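Hello,

Here is the structure I promised to pass on to you. Could you open it beside this email while you read?

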Amino acid sequence: MTSSTEGRTSLVAGYLQHIADQCADDRSGAVADYIPELAAVDPDQYGLSLCAHDGYLYSVGDTTTEFTIQSMSKPLTYAMVLGRHGSDVVDAKIGVEPSGEAFNEISVDSRRRPRNPMINAGAITAASLLLPQHREVEPGVVDEAFAELVEFYSACAGRRLTIDDEVYLSEKSTGSRNRAIAYMLDSFGVLGTDPDAALDLYFRQCSLRVTTADLAVVGVTIACGGVNPRTGRRVFSRRTAQRLLSVMTTCGMYDGAGDWVTSVGIPAKSGVGGGILGSLPGQLGIGVFSPRLDDHGNSVRGVDTYRHLSADLGLHMF
Ligand code: DON
């Protein structure tokens, strides 16, 4: 490391620690408990990472702690299906309008498409598009689809991601709400595959383990038009990146999206594990983690962190 790089690193680290300190006393919100295993985490954990477009990574706090990606997986599976099928096929199944409703509502439009890929209905439909489009899904097919998915997510993060089996089994054995959503979509003719196979793939993708550093690298890969600046590898097209940034801006924070765009102005996606993935076009990826959630299912300290970053560093897009 050169002395100017060291200077930059300690300056940024000092600033990030200042943000962490500002958020530390806020104990409002509650950890998600509808997936029983998620209720077992230490609620006071906090980590923050930034990855610049040149690939430099800056982190403070619990940045090596792994937690499950949950809904922050949704943009990545959407990217996979866009790359595999093209936008015409995907748009015929999943809309791009904000729902204004909670993430686990069966929000469908007049064509009975899930309103967007960031809510559970849209994400389960996206997962279904990674499976053979017929009802009889042979044993092992979900395993194969999941292996490809892990490959893709790992390329975005720049390291091999692994599944948290406890969280996966915990959600699989209690996920009646998502089961209801999938069967309702199936009755609408939206799913071309076995709904249980689509759910299984969706539960597995949500249970992949990440750190805040991984989230920052995924965020910067989206921000850099689909190229991971740490590995130099193109993972998806610039056009797909543009889509992801668009739906993250309008739908990524669910029924909190309007407030988010107005006050923070950074395309983002939250997860009930307490993570928030942010992606500032051309500039920066951001990963924050703190498990207590607000009423929208977004991390309380995570939202607060983004508000500070946006205001202090002038990161609002507009
Ligand atoms: O499907 C679910 O309910 C969870 N696996 C993911 C939901 C989620 O992360 C919502 N985001 N804040």
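Below are my notes on the domains, the ligand site, a hairpin and one further residue.

First, two housekeeping points. This is a predicted model, so to speak of local features I needed pLDDT of at least 70, and side-chain atom pairs count only at pLDDT 80 or more, while totals for chains, interfaces and linings use all residues. Residues are numbered from 1 along each chain as its sequence is written.

**Domains**

The domain assignment gives domain 1 (3-69 + 209-313) and domain 2 (71-206); such bounds come from an automatic or database assignment. Their C-alpha centres are 22 Å apart. Domain 1 puts 38 residues into the contact and domain 2 puts in 34, where contact means that two C-beta atoms, placed from the backbone, lie within 7 Å. On the side of domain 1 that touches domain 2, the elements giving two or more residues are strand E4 (209-210), helix H9 (212-223), H10, strand E7 (268-270) and strand E8 (275-280). Helices (H or I, at least four residues) and strands (E, at least two) are DSSP runs, numbered from the N terminus. H10 supplies the largest share of that side, 7 residues. By class, the side of domain 1 that touches domain 2 has 18 nonpolar, 12 polar and 8 charged residues. Here Ala, Val, Leu, Ile, Met, Phe, Trp, Tyr, Cys and Pro count as nonpolar, Asp, Glu, Lys and Arg as charged, and the others, Gly among them, as polar.

**The ligand site**

Where does the ligand lie relative to the two domains? It lies between them, because both domain 1 and domain 2 give residues to the shell around it. That shell has 13 residues, and the closest are Gln70, Ser71, Cys206, Val272 and Gly297; a residue is near if its C-beta atom, placed from the backbone, lies within 6 Å of the molecule. The shell divides into 3 nonpolar, 9 polar and 1 charged.

From the record, an unreviewed UniProt entry places the feature "binding site" at Ser71, Asn120, Glu171, Asn178, Tyr202, Tyr254 and Val272. UniProt positions are in the numbering used here, feature names are shortened, and annotations may be inferred rather than shown by experiment.

Tyr202 is in helix H8 (residues 195-206). Tyr202 is buried, with 27 other C-beta atoms within 10 Å; the cut-offs are 20 or more for buried and 12 or fewer for exposed, with partly exposed in between. Leaving out residues up to four places away in sequence, Tyr202 touches Ala123, Ile124 and Ala127.

Tyr254 is in the loop between helix H10 (238-251) and helix H11 (257-263). Tyr254 is buried too, with 25 C-beta neighbours inside 10 Å. With residues up to four places away in sequence again not counted, Tyr254 touches Ala102, Phe103, Ile119, His296 and Gly297.

**A hairpin**

Strand E1 (residues 47-52) runs antiparallel to E2, joined to it by 5 bridges; strands pair if DSSP finds at least two bridges between them. Ser49 stands opposite Ser59 in E2. The hairpin has 4 residues between its strands, and Gly55 in the turn has a positive phi of about 95 degrees. Strand E2 (residues 57-61) is mostly covered, with 5 of its 5 residues buried.

**One more residue**

Asn228 sits in strand E5 (residues 227-228) and is buried, with 22 other C-beta atoms within 10 Å. Asn228 and Glu136 are 92 residues apart in sequence and 37 Å apart in space, C-alpha to C-alpha.

Happy browsing!
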